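Colleague: I would like to learn how to read the local features of a model such as this one. Could you take me through them in turn, giving the general idea before each case?

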Amino acid sequence: MKTNLPLDADRLWADVMALAEITDPQRPYTRRSFTALFLEGREWLVQRFNEAGLTTRIDTAGNLIGRMEGRNPALGVIAIGSHSDTVPSGGRFDGIAGVATGLEIVRALRDSGVQPEHTIEVIDFLAEEPSEYGLSCVGSRGMTGSLDDKMLALTEPGGETLRDALRRVGGDPDRLELAKRDDIRAFLELHIEQGIVLESQSLDVGIVSSIVGIRRIEVIFQGEADHAGTTPMALRHDALVAAAATVSSVRRAAEQLAAGGADYFVATVGILSVDPSASNIVPGRCRLVIDARTTQPALTQRFVEIIDRESTAHAMAARVTRATFATLSDGPPVACDPALRTALREGAHDLGLSEIDLPSGAGHDAAFMSRICPSAMIFVPCRAGKSHAPEEWADREAIAAGAAAIYQAVKALDQSLGRNG
Ligand SMILES: [Zn+2]
């Protein structure tokens, strides 16, 4: 592994490990957005930001921002960041590694005695993971003008609105327009891969080519709940039979669409509810939610056509009604900025790191940031691709290598951006 990195791998690692300590002790590693633990984690980050000489603030969308003023502020901002919240019983690296990377990069710049031309910002985006309010990427939506009143009216199970929660963590939902930025010239995010491509090929970093778009489709089959003992097979209207066949259709269609190879495509049925769900009752109603992800919107279109047609046929065969076939959400795929990708690739090469282009099958804050500025991501390997679980693991050297590639890219971009136009 590389030992001549331009930043302090141990200092970066110590931050990741220290933040991991701020967890629900019963459920490591849990630091859910909007909770007291989340705010404790943020307080810890603010102290580190201050020690690094950053000017710290929380914007109206609830993002924690540390700012290192550039020599030529008119050039705008180069931002580096990710998120410090976790899923329940999540890991120590998802998101946190990206925030710690931003912090370590400004410290390394300071240690080298260089004041960049551009202002550098480190951003901890609010609530990247799906929150109790049913929304993910709250902070990056806010920063890009994509957080609307309907979203702010969402409530958590206790009844608090996202609007009130945002106020509670230092944001200002009535002045969200102040969070929207037009001065960021580049956004860079380090994240663990959450997959096995890098590990299985023994590569140091992944340069993310694009971030998948995600379509969620709700399908409801309505049949008739009948006695499981006395209703003859020929007279049943079993909603689960249609739903089960649809799950198989999703699998088959996704395998076919992914087999093309050029574009990324995956689809999953992760929610299947059976009503009334009793061992002695023929299922009367079934709801399933399909999650389809791709870098190529045309594939989603074909997928939806196939599932629409086949689920209709499955309903007929089971003598039930397909009561609902509806799109719940539809986020488009995002291509990472070519110039930033080149800067990251050259940064990796400067350091002798091996790299590969790969798509991201997970959503990230960078996908929203690309709406307002050139954005790109670097992936670092994580053990067995495991994520959103306590076993999630990335090596100290792996994180440091990815962070160092971003450091190199930031230095190069600081010299090139706004100067050759
Ligand atoms: Zn994440």
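Modeller: Let us begin with accessibility, where buried means under 20% relative accessible area, exposed means over 50%, and partly exposed lies in between, with a 1.4 Å probe and protein chains only. At 58% relative accessibility, S277 therefore counts as exposed, and S277 sits in the loop between β9 and β10, where helices (H or I, at least four residues) and strands (E, at least two) are DSSP runs numbered from the N terminus. Please keep in mind that this is a predicted model, in which local features need pLDDT of at least 70 and side-chain atom pairs count only at pLDDT 80 or more, while totals for chains, interfaces and linings use all residues. Residues are numbered from 1 along each chain as its sequence is written, and side-chain values use heavy atoms, with hydrogens and water left out.

Colleague: Which protein atoms are the donors of the zinc ion?

Modeller: Donors are N, O and S atoms within 2.8 Å of the metal (3.2 Å for Na, K and Ca), and because water is not among the atoms, sites may look incomplete. Here the protein donors are H83 (NE2), D94 (OD) and H191 (NE2), lying 2.0 to 2.2 Å from the zinc ion, and their spacing along the chain is H-x10-D-x96-H. H83 lies in strand β3 (residues 77-83) and D94 in the loop between β3 and α3 (96-111), so the pair ties together parts that are 11 residues apart in sequence. H83 counts as buried at 0% relative accessibility, and D94 counts as buried at 5%.

Colleague: Which way do the residues of β3 point, and which strands are joined to β3 by bridges?

Modeller: In a regular strand the side chains alternate between the two faces of the sheet. In this model V77, A79, G81 and H83 point one way from β3, while I78, I80 and S82 point the other way, and all are buried. Seven of the seven residues of β3 are buried, so β3 is largely enclosed by the rest of the structure. Two strands pair if DSSP finds at least two bridges between them; seven bridges join β3 to the parallel strand β4 (residues 119-125), and four join β3 to the parallel strand β5 (residues 184-192). The bridge partner of G81 in β4 is I123, whereas A79 stands opposite F187 in β5.

Colleague: Which residues of helix α8 are buried, and which are exposed?

Modeller: An α-helix has 3.6 residues a turn, so residues three or four places apart point the same way. The buried residues of α8 (residues 239-259) include A239, A242, A243, T246 and S249.

Conventions
The expected span of a helix is 1.5 Å times one less than its number of residues.
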